[in-house]
Amino acid sequence: MGDLIFSIITIFSILLLFPLLLHLLLKNSNPNPNPPSPPALPILGHLHLLKHPIHRALAHLSDLHGPILLLRFGSRRVLLVSSYSGADECFTINDITFANRPCLLSGKHLGCNHQSLLWAPYGPHWRNLRRIATVELLSTHRLLSSSHLRSDEVLSLVETLHRDYSGSGFHLTELKTKFFGLAYNVVMRMIANKKYYGEVDESSSEAGKEFRDIVKETFLVGGASNSADFLPVLRWLGVGGYEKRLKRLRKRRDEFFQLLIDEHRANRECGSLGVESSPAGRSTVIDLLLSMQDVDPEYYNDDMIKGFIAQLLIAGTDTSATTMEWAMSLLLNNPQTLKKLIAELDANIKQGSLLQETDLPKLPYLDAVIKETLRMYPVGPLLEPHESSQDCTVGGFHVPSGTILLVNAWKIHRDPELWEEPNKFIPERFLRRSDEEINEGLKMMAFGLGRRRCPGEGLAMRVVALVVGTLVQCFEWERIGAEEIDMSEGRGLTLPKGKPLEVLYKPRGDMA
Ligand code: HEM
């Protein structure tokens, strides 16, 4: 009996002391106040508020409580920033402080134990990966020398649409799958000189489908909103099977990319690339990494190479394809904008010739259409999560070291203080009209800000503009009925469209 009373007293003491300990742990000894925080539940904190789509749920919270908020996801502190000035402060004066990524389960299992480009902590290893990605793949120089690959893929898309066209009137098509295949072939050919979608053999097509599944699953399970990351008890008990799902995905991904590396290794040993000729006659990024492996096998091991190429392919494929799909949907719902875009293309591209990347600087309206699409539908609505490596101040509030940072770019892009009629599609806002409006584009942060800003921005802007411009140049587009295209958002990290875009098209006069 005495034992029972003792146990009850102990349990009660722990329950009573827990909030006090938590309060002491989170107590701010800094002269700056803590950011405001909405009411939280014990243990869960604010996790219960993370309803899909999460950027909208978080936008609602900031409407209620302010643009800089302190949230608690389980035991982790999270700074939610929903204003341009707050984001700017995080990525200018506090840029190095927030250049880290938090340790999350997706970074552990899909980011090679936090060693891949996206998940690596800020430091020499991350700098090295970022340098390789930029210098070998994404620099302006590399983009110029690989432009023929992109033209080739866009031409393939046009040919496919022509082939599928039945002769007269308008023909129905679904675009997302085609956009995904194109974006994937573009990055894959730049990395490995290999094409998976389109006119290729069956095994390559199968591999393309497998990759699509891998990407879909990656964007469903990634991100900073999984309870298992913040409530270790869920992990230990295996509730929801989240970690199992990540491990299964990692296995599939490893197998997929190992095959690619082995193929390149075998080709190197035979002394040939064994694939279509490489851009500008150089070896591929995988060949380059394998030659680095010869010199430093421990650092450039197969896992590191797999993580590196997986990250670039996954980061570069669905993002670009989804943006193309939103752009076409917006154009179909805004016929006046579509008309203006056709006029710009017809006025600047010689009759009978296809749009090329070198034409893009002459097409400011096309550029504005893509920017306005990214403003309204940024495919990374919360950017990627960052983490502070030391104490700092944001908006006058104290932010301790080890705080996860979420920036709601989607909310900032629809802030009426920054944008006139923010819920309307008005590409004209991105056209340079007068000197003071030149900075308009700077408030757009679809590619992030600061040193962890997306390194693929140059590539993405080229591919998306080239595809959308070419489709508008070569075909007439119509909605299936009088009803507007449904613009609701689906579930997933990259702001997918809820309903895949289905449209009617027919070849345009001369271009046929
Ligand atoms: C429309 C297309 C794209 C959009 C909207 C986009 C957006 C973003 C965003 C918001 C981030 C996170 C920035 C941050 O942490 O604050 C990011 C990171 C990244 N993106 Fe992109 N991206 C696109 C296309 C691409 C492409 C084509 C590639 C490469 C082939 C790429 C490679 C990466 C990589 C490697 C990172 C991680 C950078 C790091 O942590 O240092 N992205 N992107």
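**Finding your way to Cys 454**

Start at Cys 454, which sits in the loop between α17 (409-412) and α18 (457-474). Helices here are DSSP runs of H or I with at least four residues, strands are runs of E with at least two, and both are numbered from the N terminus. This is a predicted model, where local features need pLDDT of at least 70, side-chain atom pairs count only at pLDDT 80 or more, and totals for chains, interfaces and linings use all residues. Residues are numbered from 1 along each chain as its sequence is written, and side-chain values use heavy atoms, with hydrogens and water left out.

So what does Cys 454 hold on to? Its SG is the only protein donor of the ligand's iron atom, at 2.3 Å. A donor is an N, O or S atom within 2.8 Å of the metal (3.2 Å for Na, K and Ca), and with water not among the atoms, sites may look incomplete. UniProt, in an unreviewed entry, lists Cys 454 under "binding site"; such annotations may be inferred rather than shown by experiment.

Look around Cys 454 and, leaving aside neighbours within four places in sequence, you'll find it in contact with Arg 130 and Phe 447. Contact means heavy atoms within 4.5 Å.

Now zoom out: the protein chain has 18 helices and nine strands. Of its 512 residues, 53% count as buried, meaning under 20% relative accessible area (1.4 Å probe, protein chains only).

Notes. Buried < 20%, exposed > 50% of the residue type's maximum accessible area, 1.4 Å probe, protein only.
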